[in-house]
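Here is a short tour of a protein model for you to follow on screen.

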Amino acid sequence: MNDLILDPPIALLLGAELVVFLVVLLRGLSRIREHLEKTESLLAHVQWGVRAIETQTAPLEARLQTMVTLTQEVARHAETLPSRLASSHDQPDVLPESAHRV
């Protein structure tokens, strides 16, 4: 049984070592918590910005199909543009009929 009893100086050193370990551990955990709080604040700002963008772009959703249709129409007309320009270059006095539409 005497083997389990520590000498007082060794017990004090082990107690001091335990206290130092706990202080260092608490300080490290505190620093981690500070960084996590900063990250949480940053993410809250990002989330606020995303919600603002969603709110601002919500009206676009209703007009999306119209925008797609108009873009496809522009693309379709753009495909014929080179041949129309070439034909108007061959006949400079004659404007294509579409040039009169505004």
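## Fold

The protein chain has one helix and zero strands. Please keep in mind that this is a predicted model. The helix, H1, covers residues 8–90, and the chain as a whole counts 102 residues.

## Burial and surface

How much of the chain counts as buried? The share is 1% of the residues.

The accessible surface of the protein chain amounts to about 9800 Å². Carbon and sulfur atoms account for 66% of that surface.

## A nonpolar patch

Now turn to the nonpolar side chains. Leu-18, Phe-21, Leu-22, Leu-25, Leu-26, Leu-29, Ile-32 and Leu-36 together make a nonpolar surface patch of about 800 Å².

Leu-25 is a handy member of this patch to select. You will find Leu-25 in helix H1, and its relative accessible area of 38% makes it partly exposed.

## The salt bridge

Which residues pair up in the salt bridge? The partners are Glu-37 and Arg-33, whose side chains meet at 3.4 Å, N to O. The contact qualifies because the cut-off for such a nitrogen–oxygen pair is within 4 Å. The structure holds one salt bridge, so this pair is the one to display.

Where do the two partners sit relative to each other in the helix? Glu-37 and Arg-33 are four residues apart in H1, so about one helical turn separates them.

Technical notes. Residues numbered from 1 in each chain as written. Predicted model: local features only at pLDDT ≥ 70, side-chain atom pairs only at ≥ 80, totals over all residues. Heavy atoms only, no water. Helix = DSSP H or I, 4+ residues; strand = E, 2+ residues; numbered from the N terminus. Buried < 20%, exposed > 50% of the residue type's maximum accessible area, 1.4 Å probe, protein only. Areas by Shrake-Rupley, 256 points an atom, 1.4 Å probe, with all protein chains shown as cover. Patch = residues over 30% accessible without salt bridge, like charges linked within 9 Å, V, L, I, M, F, W, Y side chains within 5 Å.
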